[in-house]
Every structure is written in structure tokens, then in C-alpha cells.
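Q: Could you walk me through reading this one, feature by feature? I'd like the general idea each time, then the case at hand.

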Amino acid sequence: MSKSNIEYLEKTYIECSLCPRNCHADRIENKTNFCRIDNQFHIASITIHTGEEPVLSGEKGVCNVFFTHCNLQCIYCQNFQISKNRISDNTHTLSLDNVVKKITDILDTGITHLGFVSPSHQIVQMVQIIEALHSKNYFPTIIYNTNAYDKVSTLKMIEPLVDIYLPDFKYADNDLAEKYSQAPQYKQIALNAIGEMIRQKGKSLAIDENGLATQGVIIRHLILPNHIDNSLAVLEKIQDNFGNKISLSVMSQYFPPEPVSNHPQLGRRITETEYQQVLSKIDELGFENGFIQEPESAENYQPDFEKENPFE
Ligand code: SF4
């Protein structure tokens, strides 16, 4: 990445417009921005995760960096223990050296893929981590695992550093996005962001001799209970905008986390009927490249960030 791009990104701390919220906040002085994140490395966990798509996890798993806070605030967030935008404190703050040490210890076991989970509001930190790894001669395959509420201009800055984009296209319904995630104009923002990701990496996944993806875009979608119309509309939007050759990953493992355990609509898992409706739509639209997680796999995806390894 060019020095001017890094300098530009660092300047965004003073008047932040990294993500579509365009807070223009001074993140170092007052932390009154939406994400309430300053310039430190706020990371809840750096761990091996075997539950991603097989082309990302392989046999050994992927090294995932779980950032705290988020530029969305989904009331049903599966990572709710770490994603809430509290005033940033030192609870999950690591030094860059510490972050790099934890990552390189994992990469030294032979893991080749490094995923950044919810990086949109800590993109400068992500860039600093990748640059530090490069300076130590570590060049893992970089996965940008995002809610898709990203700005095209920011994505252009990280084009040389990211190999695989993994956007979760959550809503084709802006009212739902506002209601559940405080995300105005989500649909168009996410479609623009995913369009930029595809422009950068293409529609086909490049796969190496070990069956692992090395470049491309996989569009995810988490099915929510009682909101199958949204899921069907999401699939239609993907097909309308990007065709049916794009890689799709439909996630049916939703479980109601504690904050919505009694919610009238979100307080249960999806039903078999809901699951089948989504599968039928995937068939109808002619998607061929993709991954579908079974609803029964929900237990395997419930992280507990109080533990050293949240997925054990
Ligand atoms: S990254 Fe945070 S401070 Fe910057 S625009 Fe987005 S929400 Fe606001």
C-alpha cells in the first residue's frame, strides 16, 4: 500500500469518514462517534476458527481477528458480547506487537488465511497489522469479513491488501435495517460496496491446489426467523446486480442471543419450512456456486468471548 494511502487513512482518525456514517468525529479526543472507537487495537480474540466456509477454513482453520465494537448495532448480533458500542476502554486493548505475536504464532502452525471480522470501523488498525506482518515476511491470504456497510472510497484504499471479501448482505429492506441495525440506506450502501469488491477481485473464486480460496468474493446472508421475505429479496437483489455465478454462502444457523431471547420475531431459530423456502429460491434463481449451512449446526457457531477460544 502506498505511503500516501496510509497517511490518508491515519488522518481519518481526526475527522472520521471511514465508513458510510461519515461521523466526521475526532476519534482520539471525544469518542462520541457512532462506533465509539479510538485509534487503539480493540480486539476481543485472535483465534483459530474452523467454522468458516470450507474453502476458507480448509482442514486447519483460519486465523480470525475479532474486533470489538461495530459500525452496525444489530439487536440480534451473534457476537453481542463484543460488538456493543460502549465507550472504548482498555478491556480488549492490545498493543500492535502483541497482536502481531498472536497472529504469527498461529500462522507458524501452517495456517495460511487471516480473517478480520467486523473491520469496517477499525480499518486503519487492520492496515497497520497487515503492514507489520509484511515487514516480518508474513504474507497470509487476507479475508475482509464485513457486514457490507462499507464505503467504496475506503475499500479502494485497501484494494492491494485484501485477497478475499466476505460481505454479509443482510437486508434488502431499509426499514428492517434501521429497525434492527440502526443502518440507514443499508441496501444501496451494501450493494455499492459489494459491487466495488467484485470490481476488485472478480466474480470467480480462485482456488489453489489445496482447495483453498486465494482471491475473490463470497456473499453471505444470515437468514432471520420470521423474515423470509427479506431473505428472498436479498437473493433477488444479488442475482439482479451480480448475476448467479457469484459465490453465495447462506447461513441458516441463527440462534436467538440473550438480548433477543424473548423477542416476538427474533426469539427463535429458523424453521425447516423457512429454510426450504430459501433453498427453493436459490434453485429458482439458478445459483450454482455456494455453501449452505444446515440449521442443525447452530450449536457449532455460538461463540463465547469470555473463553480463551470462543468456539471451543
Ligand atoms: S468508523 Fe466509526 S467514527 Fe468513523 S464514520 Fe464509521 S462509525 Fe463514525
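A: Let's start with burial. A residue counts as buried if 20 or more other C-beta atoms lie within 10 Å of its own, exposed if 12 or fewer, and partly exposed in between, with C-beta atoms placed from the backbone. Serine 247 is buried because 22 other C-beta atoms lie within 10 Å. Keep in mind that this is a predicted model, where local features need pLDDT of at least 70, side-chain atom pairs count only at pLDDT 80 or more, and totals for chains, interfaces and linings use all residues. Residues are numbered from 1 along each chain as its sequence is written.

Q: Where does serine 247 sit, and which residues does serine 247 touch?

A: Elements first: helices (H or I, at least four residues) and strands (E, at least two) are DSSP runs, numbered from the N terminus. Serine 247 belongs to strand 9. Contact is called when two C-beta atoms, placed from the backbone, lie within 7 Å. Not counting residues up to four places away in sequence, serine 247 touches Leu205, Gly216, Val217, Ile218, Asn289 and Gly290. Histidine 42 is another matter: 205 residues from serine 247 in sequence, and 31 Å away in space, C-alpha to C-alpha.

Q: How do I read the pairing of strand 8 and strand 9, parallel or antiparallel?

A: Two strands pair if DSSP finds at least two bridges between them. Strand 8 (residues 213-222) and strand 9 have five bridges and run in the parallel sense. As for cover, four of the five residues of strand 9 (residues 247-251) are buried, and in strand 8 eight of the ten are.

Q: What else pairs with strand 8?

A: Strand 6 (residues 164-167) runs parallel to strand 8, joined by two bridges; here tyrosine 165 has valine 217 of strand 8 as its bridge partner. Strand 7 (residues 206-207) also has two bridges to strand 8, but this pair is antiparallel. Isoleucine 207 is partnered by alanine 213 of strand 8. Strand 7 and strand 8 form a hairpin with five residues between the strands, and there glycine 211 takes a positive phi near 80°.

Q: And strand 1: which strands does strand 1 join?

A: Strand 1 (residues 41-49) is mostly covered, with eight of its nine residues buried. Six bridges tie strand 1 to strand 2 (residues 62-67) in the antiparallel sense, and histidine 49 has valine 62 of strand 2 as its partner. Strand 3 (residues 93-94) is antiparallel to strand 1 too, over two bridges, with histidine 42 set against threonine 93 of strand 3.

Q: Moving to helices, how do helix 4 and helix 5 cross?

A: Axes are lines fitted to C-alpha atoms, for helices over the stretch in contact, and angles run from 0 to 180 degrees between N-to-C directions. The axes of helix 4 (residues 96-107) and helix 5 (residues 123-135) come within 10 Å and cross at roughly 60°. On the helix 4 side the contact is made by Leu96, Val99, Val100 and Ile103, and on the helix 5 side by Gln128, Ile129, Ala132 and Leu133. For classes, Ala, Val, Leu, Ile, Met, Phe, Trp, Tyr, Cys and Pro count as nonpolar, Asp, Glu, Lys and Arg as charged, and the others, Gly among them, as polar. That gives the contact of helix 4 with helix 5 seven nonpolar, one polar and no charged residues.

Q: Leucine 155 and proline 184: buried or exposed?

A: Leucine 155, in helix 6 (residues 152-157), is buried because 23 other C-beta atoms lie within 10 Å. Leaving aside neighbours within four places in sequence, leucine 155 is in contact with Asp150, Ala193, Glu196 and Met197. The C-alpha atoms of leucine 155 and glutamate 196 are separated by 7.4 Å, although the two are 41 residues apart along the chain. Proline 184, in the loop between helix 7 (174-181) and helix 8 (186-201), counts as exposed because it has 12 C-beta neighbours inside 10 Å.

Q: Last one: which residues come nearest to the ligand?

A: A residue is near a molecule or strand if its C-beta atom, placed from the backbone, lies within 6 Å of it. Of the 15 residues around the ligand, Cys16, Cys19, Cys23, Asn33 and Cys35 come nearest. By class, the shell has eight nonpolar, five polar and two charged residues.
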